[in-house]
Amino acid sequence: MKRVKTVFFALALGAVAMSCSGDKKKGIDYNQFKTEVQLTPDQVKSFDEITKKYQDLQEQNYQAAKAQGGNMDRVALGIKGEELRAQQAIEMAKVLDGPQMERFKKFVDENSRKRPRYDNALLEKIKAEAQLSEDEFKVVNAANDAFEKAFNDAHDVYHGNNDLAKEYWEKFDAQRKAAIQKALTPEHYTKFKEIVKDVQFKGRK
């Protein structure tokens, strides 16, 4: 456990710790989706009601986080955003048919702000395919959490500049991998690198 904490703080301290005063967020333009998929009048009515409901909830979460000023927790905000999108999808599945719902999920995925980390599905794949021990997996999780926090804490530095954001992402990713390499056996780390080789910085559209 001590090793996990050491990894976490080593990465966190490598971040450019700056307060996030909040930015003018760009939400998903659901009107664009309606131009791409043919919906019935009833579907349009329900679609608009559902998307407005969750956009309002997202805005409430954002304003509450922004009110914290320099203590704005972007990690927590990202988690809440994921939860809202999941809840929205459940309601939307009652309105759209199968093909429409698949298009909707793809549209939301392509246009939503994602947390800059290995997601849960990838973490489970790493654990299973790299055959990590529980202690090794704890370090992977700690390094992954620290990476996300470090990247978000530097937000005010790179905001609006994809090239600079990419530099920070790659810097913190290198720290994440270095911390993980120290904890894994050479065989496990080789497999880990193979699994995450396609994980790269993705700027906003």
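**Salt bridges within helices and beyond**

Modeller: At a relative accessibility of 22%, Asp153 counts as partly exposed, a class that lies between buried (under 20% relative accessible area) and exposed (over 50%), computed with a 1.4 Å probe on protein chains only. The model is a predicted one, in which local features need pLDDT of at least 70 and side-chain atom pairs count only at pLDDT 80 or more, while totals for chains, interfaces and linings use all residues. Residues are numbered from 1 along each chain as its sequence is written, and side-chain values use heavy atoms, with hydrogens and water left out.

The partner of Asp153 is Lys149: their side chains meet in a salt bridge with an N to O distance of 2.6 Å. The term denotes a side-chain nitrogen of Lys or Arg within 4 Å of a carboxyl oxygen of Asp or Glu. Lys149 is also partly exposed, at 37% relative accessible area. Both residues belong to helix α7 (residues 134-153), where they stand 4 residues apart, about one turn of the helix. Helices here are DSSP runs of H or I with at least four residues, numbered from the N terminus.

A second pair is found in helix α9 (residues 162-183), in which Asp173 and Lys177 are likewise separated by 4 residues, about one turn. The closest N and O atoms of this salt bridge are 2.5 Å apart. Asp173 has a relative accessibility of 8% and therefore counts as buried.

In helix α10 (residues 186-196), Glu194 and Lys191 lie 3 residues apart, again about one turn of the helix. They form a salt bridge whose closest N and O atoms are 3.5 Å apart. Both partners are partly exposed: Glu194 has a relative accessible area of 44%, and Lys191 one of 25%.

Beyond these pairs, a network of salt bridges links Glu82, Arg115, Arg117, Asp145 and Glu148. Ile79 is part of helix α4 (residues 74-92) and, at 32% relative accessibility, counts as partly exposed.

To place these examples in context, a search of the whole structure finds 15 salt bridges.

Definitions and conventions. Helices (H or I, at least four residues) and strands (E, at least two) are DSSP runs, numbered from the N terminus.
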